[in-house]
Amino acid sequence: MASRLFARLSTWPLPAVLTWLGAWALFRWLLAHEAALDTALGAATALGVALSLWGHTWWRRVLIACGFPLSLALSLPSLGLSGLPAWTWLVPALLLLAVYPLNAWRDAPLFPTPPATLDELPRYAPLPAGARVLDAGCGLGHGLAALRRAYPQARLHGLEGSWPLRWLCAARCPWAQVRHGDIWKHDWSDYDLVYLFQRPESMPHAVEKARTTLRPGAWLVSLEFEASALTPRARYTAPGGKMVWIYQAPFTTPQGD
């Protein structure tokens with residue numbers, strides 16, 4: 001019953017509308033109880049940012065998170081708040097950047113890995129017990145959970161560029177080592193398998209990173225998006241229709257170069 005109710009509430013645009021209403025209600029309640037204006041603004045924006053994770057796509061999350069501060073900016077004259085100090089807008093901006101850092105715009109947004117997507121991966125990319133596996137850009141931990149299903153004896157690591165998401169992922173996946181960092185600056189050479197769920201624009205960067213850091217025998221696995229500069233060792237269609245692309249170092253190109 002609860003799961004069906006949650007599914008109905010997750011139907012777009014209900015998450016956005018409910019979040020905006022909740023943020024406005026919190027903002028007005030705090031002001032009515034004589035809270036400072038910047039405190040009310042920060043709390044309401046924080047609520048919107050937290051509930052933005054309710055959205056199923058990157059753009060929906062951004063719309064949910066930005067709805068309250070943008071609507072407040074348009075409503076300032078009617079609220080009698082036209083004298084709001086400019087620095088006050090740093091509060092929602094910093095909160096939004098904390099969850100959605102700038103590198104998330106050039107890399108992948110929060111794309112969750114469906115639970116059973118990697119169940120067949122050990123058939124194509126076998127790993128010994130204790131192998132080190134990295135989810136590069138682990139978000140809220142959906143990919144780590146799928147990797148755990150596939151490789152229950154592996155040592156799982158997650159790397160995430162957003163501090164709040166890193167904390168949430170670590171709390172959700174206590175059996176993995178989750179750290180904050182830039183996936184493109186982090187050393188991949190210690191891992192037996194690196195898993196990515198990026199986007200087409202970032203795949204050339206991933207190819208270059210894998211070529212220069214992954215040791216012979218290590219695996220690069222990409223969900224949905226092909227590393228077209230490399231010849232895949234294998235590929236398969238996961239439940240739900242997403243393609244899993246599997247590459248192994250030393251890499252070859254489609255032309256055999």
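Trainee: What share of the contacts in the protein chain with a separation of 6 or more comes from residues 24 or more positions apart?

Mentor: Such residues account for 62% of those contacts, where a contact means heavy atoms within 4.5 Å. Please keep in mind that this is a predicted model, in which local features need pLDDT of at least 70 and side-chain atom pairs count only at pLDDT 80 or more, whereas totals for chains, interfaces and linings use all residues. Residues are numbered from 1 along each chain as its sequence is written, and side-chain values use heavy atoms, with hydrogens and water left out.

Trainee: How many helices and strands does the protein chain have, and what makes a run count as one?

Mentor: The protein chain has ten helices and seven strands; these are DSSP runs numbered from the N terminus, helices being H or I with at least four residues and strands being E with at least two.

Trainee: How much of the protein chain counts as buried, and how much area does the chain expose?

Mentor: Of its 257 residues, 45% count as buried, a label that requires under 20% relative accessible area, while exposed means over 50% and partly exposed lies in between (1.4 Å probe, protein chains only). The chain exposes about 12,900 Å², of which carbon and sulfur atoms supply 62%; these areas come from the Shrake-Rupley method with a 1.4 Å probe, and for residues only the protein chains shown count as cover.

Trainee: Which residues of α10 are buried, and how do you know on which side of the helix they sit?

Mentor: Met 203, Ala 206, Val 207, Lys 209, Ala 210 and Thr 213 are the buried residues in α10. They cover an arc of only 165° around the axis, and therefore lie on the same side of α10; the arc is taken from the directions from the helix axis to the C-beta atoms. This buried set packs against β4 and β5, whereas the face turned away from it carries the exposed residues Pro 204 and Thr 212. As background, an α-helix has 3.6 residues a turn, so residues three or four places apart point the same way.

Trainee: What lies 2.9 Å from a polar atom of the Lys 209 side chain?

Mentor: The backbone oxygen of Trp 184 lies there. A polar contact is a pair of N or O atoms within 3.5 Å; within protein, one must be able to donate a hydrogen and the other to accept it, and residues adjacent in sequence count only if both atoms are side-chain atoms. Lys 209, in helix α10 (residues 203-213), also touches several residues, including Ile 183, His 186 and Leu 214, when those up to four places away in sequence are not counted.

Trainee: Why is the pairing of Arg 149 and Asp 119 called a salt bridge?

Mentor: Their N to O distance is 2.5 Å, and the definition asks for within 4 Å, so the pair qualifies. Arg 149 lies in helix α8 and Asp 119 in the loop between α6 and α7, so the pair ties together parts that are 30 residues apart in sequence. With relative accessibility of 49%, Arg 149 counts as partly exposed, and Asp 119, at 32%, is partly exposed too. The structure holds four salt bridges, among them Asp 192 with Arg 215, whose closest N and O atoms are 2.7 Å apart, and Lys 242 with Glu 224 at 3.0 Å.

Trainee: What makes the backbone of Glu 34 and Glu 224 worth a remark?

Mentor: Most residues other than glycine have a negative phi, and most peptide bonds are trans. Glu 34, in the loop between α2 and α3, has a positive phi of about 65°, and Glu 224, in the loop between β5 and β6, has phi near 75°. Glu 34 is exposed, as its relative accessible area is 75%, whereas Glu 224 is partly exposed at 34%.

Trainee: How do you know that the peptide bond from Ala 249 to Pro 250 is cis or trans?

Mentor: Omega is near 0°, and the bond is cis; Pro 250 is found in the segment after β7.

Terms used
Salt bridge = Lys/Arg side-chain N within 4 Å of Asp/Glu carboxyl O.
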